[in-house]
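Trainee: Could you show me how to read charged pairs in a protein model? I would like the general idea and then the case at hand.

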Amino acid sequence: MDMVFDGHNDVLLRLWRERQEGGNPLQDFIKGTSAGHIDAPRAKRGGLAGGLCAIYIPSPHDFSLKEPDADGHYTTPLDPPLDRHSSLDIALGMAALAHQLEQAGGWRLCRSTAEIRAAMAEGVFAAVLHMEGCEAIDADLDALDVFYAAGLRSLGPVWSRNNIFGHGVPFAYPSSPDTGPGLTDAGAALVKACNRLGILIDLAHITEKGFWDVARISDQPLIASHSNVHALTPVARNLTDHQLDAIRESRGLVGLNYAVTMLRADGRDNPDTPLSDMVRHLDRLVERVGIDCVALGSDFDGATIPNAIADAAGNQRLISALRDHGYDQDALDKICRENWLRVLASAWHE
């Protein structure tokens, strides 16, 4: 079985919501549940050995994609910006859950690639704290230092909404990612602070202008943890060829997103999406950025994924499809984990 280190999941959001509803998220993750996509038993069955686990602040209302029109087009309006104080409360709750899971033996929080490799070798889920949208961080960046001390090692300045650091892209089809302004002055300061501390910067939800702002300011490889190819599926969240070329030139990385809206040619939220759509995107990524700059970024627990995979236990079905398609073991090792470990080591000053 090929061990996978995955670039993005939202399991902490699911567990936090379960706790808000009076459940026992630690027990459910460790013992297993039928809810969502990831728990420890299903991860082990699917070879999901670790990944970047997002602290994501949900909107007060249930987010849903706008229904497509007669031509299959849709533009979901951006959610309004969030209040920082309530966002900080939620972020602290998710960070606390991450630490409680470690204390309970459910996973290991990792701050170096050596710790990731050690956890994977021991069969313990190697979790890295990520922040998807920095609504919980203040403009003075005091909270950034605190979250770094708590293990935060990766962040995306924005989710698909605007905040004090920059502007996010909407969920829209068909649409260019060039949908608005980029980083603010506070966002530029955030990028520089991440470079100094050794926190990976993720470009998965930022506007194209924001992408180029980060490319200009940052000294890290350019990373889009869970994005696909705009030329194949023209949603605003996917990457243009120009962006992919910049990622290649920086020796960065694109993590293949399993979200069906970002895989299907029609951009529809339809789980009856074949593995061949995933292979098609991965082929194009390899063609454009090279085998050393492609990995996996599932978006488990954060998106509709193909029924052919279903959850973390089905992750090896994609690996088998890639092997059958002609990817050799060296290529699969890079896609499954080694490319992620390379860029993390670079961002973390190892």
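**Reading salt bridges**

Mentor: Buried means under 20% relative accessible area, exposed means over 50%, and partly exposed lies in between (1.4 Å probe, protein chains only). Keep in mind that this is a predicted model, where local features need pLDDT of at least 70, side-chain atom pairs count only at pLDDT 80 or more, and totals for chains, interfaces and linings use all residues. Residues are numbered from 1 along each chain as its sequence is written, and side-chain values use heavy atoms, with hydrogens and water left out.

Trainee: What is a salt bridge, and how many does the count come to?

Mentor: Side chains of opposite charge can pair when their charged atoms come close. The rule asks for a side-chain nitrogen of Lys or Arg within 4 Å of a carboxyl oxygen of Asp or Glu. Counted this way, there are 19 salt bridges.

Trainee: Which residue forms a salt bridge with Asp245?

Mentor: Arg288 does, with N to O at 2.8 Å. This pair links distant parts of the chain, 43 residues apart: Arg288 is in helix α10 and Asp245 in helix α9. Helices (H or I, at least four residues) and strands (E, at least two) are DSSP runs, numbered from the N terminus.

Trainee: Where does Asp241 come in?

Mentor: Asp241 also meets Arg288 in a salt bridge, 3.4 Å from N to O. Here the partners are 47 residues apart, with Asp241 in helix α9 (residues 241-249) and Arg288 in helix α10 (residues 275-289). Asp241 is partly exposed at 27%, and Arg288 is partly exposed at 29%.

Trainee: Which residues are linked in the network of salt bridges with Arg288?

Mentor: Asp241, Asp245, Arg248 and Glu249 are linked with Arg288 in that network.

Trainee: What about a pair within one helix, such as Asp277 and Arg280?

Mentor: An α-helix has 3.6 residues a turn, so residues three or four places apart point the same way. Asp277 and Arg280 sit three residues apart in helix α10, so about one helical turn separates them. They form a salt bridge whose closest N and O atoms are 3.9 Å apart.

Trainee: Are Asp277 and Arg280 buried or partly exposed?

Mentor: Asp277 is buried, at 14% relative accessible area, while Arg280 is partly exposed, at 29%.
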